[in-house]
Amino acid sequence: MLIKIDLSGKPTTIPQGQFEHIEKHLESIVEKVPQAFIGIDILLIGRQVHTDRWIVDLLGLDNNGNTVIIELKRNESPREIVSQAISYCSYFHRNGNLEQLNRIAEDYFGQISDEGLLIRKKIKERFGTFPATLNKKQIIVLIAEHFPNDILDDLKRVA
């Protein structure tokens with residue numbers, strides 16, 4: 001069950017059919033202040049990024065140049081989240097080179113650049129320096145109302 005609190009402070013239950021709208025709204029909020037939700041400072045470089053199997057809700061880079069994949073689930077997280085997380089890590093491990101990440105950033109920021117210059121510029125602006133290695137590891141952040149214990153156990157094993 002999701003509850004919203006209006007401007008007067010009154011709580012209201014959100015009907016099940018409106019969850020999809022709420023997920024998109026939550027995605028917009030996380031996009032504006034990702035550090036508040038995930039606890040680390042990142043540079044967002046993509047929203048609704050297509051991979052070979054699924055679509056990543058939000059994609060960013062941390063100050064070490066690691067990809068940070070943020071996935072939002074509107075209800076209880078289904079078992080498929082484990083394979084989805086593995087798939088995202090695998091995809092960006094294989095495809096997260098400077099050129100690919102720069103293309104994603106170009107789409108997100110609506111700018112074009114040559115030879116990875118946009119992503120270099122954005123990372124330097126955000127963190128003050130460009131890391132020696134880009135995409136050394138992939139970090140998955142899952143945000144959901146609830147994760148069943150068996151899914152949490154599975155995720156710990158692949159982390």
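Visitor: In what order do the elements of the protein chain run from the N terminus on?
Guide: They go β-β-α-α-β-β-β-α-α-α-β-α, and that gives six helices and six strands. Keep in mind that this is a predicted model.

Visitor: Why is Tyr88 called buried?
Guide: Its relative accessible area is 1%. Buried means under 20%, so Tyr88 is buried.

Visitor: And what makes Trp54 partly exposed?
Guide: Trp54 has a relative accessible area of 26%. The partly exposed range lies between under 20% for buried and over 50% for exposed, so Trp54 belongs there.

Visitor: How do you know that Trp54 and Tyr88 form an aromatic pair that is edge-to-face?
Guide: Two checks. The rings sit 6.3 Å centre to centre, and the limit is within 6.5 Å, so they pair. Then there's 80° between the planes, and over 60 counts as edge-to-face. The pair links distant parts of the chain: Trp54 is in the loop between β3 and β4, while Tyr88 is in helix α3, 34 residues apart.

Visitor: What makes Lys122 count as sitting over the ring of Phe109?
Guide: Its charged end is 4.3 Å from the ring centre, and the distance rule asks for within 6 Å. Arg120 lies over the face of Phe130 too, at 4.7 Å from the ring centre.

Note on methods
Residues numbered from 1 in each chain as written. Predicted model: local features only at pLDDT ≥ 70, side-chain atom pairs only at ≥ 80, totals over all residues. Heavy atoms only, no water. Helix = DSSP H or I, 4+ residues; strand = E, 2+ residues; numbered from the N terminus. Phe/Tyr/Trp six-rings, centres within 6.5 Å; stacked < 30°, edge-to-face > 60°. Buried < 20%, exposed > 50% of the residue type's maximum accessible area, 1.4 Å probe, protein only. Lys NZ or Arg CZ within 6 Å of the ring centre and 35° of its normal.
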